[in-house]
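This report covers strand pairing, aromatic pairs and charges over rings. Keep the sequence and the model in view while reading.

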Amino acid sequence: MKKFVNIGFFLVIISIIAFFLFRYLFKPAADNKTMRIHSVLGADKNEGNYTKAIKPINFRFPDDAGPHPDFKSEWWYFTGNLSDDAGAEYGYHFTIFRQSISDKKLDSSSDWRTNQVYMAHIAVTDVVNDKFYSFSKMTRGSAGLAGAKIKPFRVWIENWEITGEYNHPILKASTRDFTIDIQLNSLKPIVLNGNRGLSQKSQGIGNASYYYSIPRFKTKGELTIKKRKINVSGESWLDREWSTSSLGKEEVGWDWFSIQLEDSREVMLYKIRKKDGQASTLSSGTYIKAGGASVHLTKSDFTLEVLDYWQSAATSIKYPSKWRIKIPKFQIDLVVTPKINNQEHQLQFIYWEGTAKVVGDNIQGNAYVELVGYK
């Protein structure tokens, strides 16, 4: 009996420690419901012994598909546009984040001790029914609860997981409203964004990430929405980033676009927003040709015009909700419109991310858009 009491007491202590670690890492906003984006991605004087993204590196695959624990943050970020046999459209978002809460190396044989926290956000958009479902999980990276490894490739948080191979992954997750069980096969080679994969986000040495994408996967599998099983197929996109700091004090958020055109070209753009509402000079993107070759885009290479807005009834936040994107040197002139307006995540962070349609002169396609840092 005494042995069981001691074990129970030990688990209680571990739970209390984990709670305060989460509180320390994710400082709540004024409403005590959400995190500040700067608490995770902002530059910090106390960056200790973390590695920083300072100069281009030689990427190594499959190793760089796995974890980088010497950096403070990283994520595996999948989005996709799917349809069923009748042509009804769906969007999905499946992201797992890793965050270090200490740069100290742990010297312990205990499977419970860790300095890593994992968080995941997943969502499904049911376009024809104008429904959006969004869920999150967060737990410690120990005792098998969450983690990332390359041999065999697996990134997971409880029963939400990415397995298979880095360029042929399998995504599985289950919530009370939906399940995702899909297989992805890459159709395009890896694209290094920024300066050979070094993506500078704000002024200051090391305020950058290592950033690559796989811009098009053939995707098929099954969604279950409210117990309704749906065979789906379509295309997906992967973004991979790792860094120790990205946003400076003047940056408040970003607008990010991944665009897949029907002629096999892709575009990734992001506008980093400053406190005064202007776009940072470090806003940039990547243009990807049908054959897979890519071209880095600077802020001067594209224009991003907001054509409409949508205001959330739940949070009163006003978001852009229609855009015109021009990239003159590649004769690109596109209008991007959300497939449904309400794709707002009300999770640890409040942000908008969802599926969108793309229309241009004699061209069309699909997109995913992420809007972070709006109040």
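Two strands pair if DSSP finds at least two bridges between them. Strands (E, at least two residues) and helices (H or I, at least four) are DSSP runs, numbered from the N terminus. The model is predicted: local features need pLDDT of at least 70, side-chain atom pairs count only at pLDDT 80 or more, and totals for chains, interfaces and linings use all residues. Residues are numbered from 1 along each chain as its sequence is written, and side-chain values use heavy atoms, without hydrogens and water.

**Strands.** S186 has F217 in β12 as its bridge partner. Strands β9 and β12 run antiparallel, joined by nine bridges. β9 (residues 178-186) also pairs with β8 (residues 168-174), antiparallel over five bridges. There, A173 stands opposite I180 of β9. A hairpin of three residues connects β8 to β9.

**Aromatic pairs.** Rings of Phe, Tyr and Trp (its six-membered ring) pair if their centres lie within 6.5 Å; planes under 30 degrees apart are stacked, over 60 edge-to-face, the rest tilted. The structure holds 18 such pairs. One of them, F59 with Y210, is edge-to-face, at 6.2 Å between centres and 85° between planes. These two residues are 151 apart in the chain: F59 lies in the loop between α2 (38-41) and β1 (73-83), Y210 in β12 (residues 208-225). Buried means under 20% relative accessible area, exposed over 50%, partly exposed in between (1.4 Å probe, protein chains only). F59 is buried at 15%, and Y210 is buried at 4%.

**Charges over rings.** A charge sits over a ring if NZ of Lys or CZ of Arg is within 6 Å of the ring centre and within 35 degrees of the ring normal.

| Charged residue | Ring | Distance to ring centre |
|---|---|---|
| R154 | W156 | 4.2 Å |
| R273 | Y374 | 3.7 Å |
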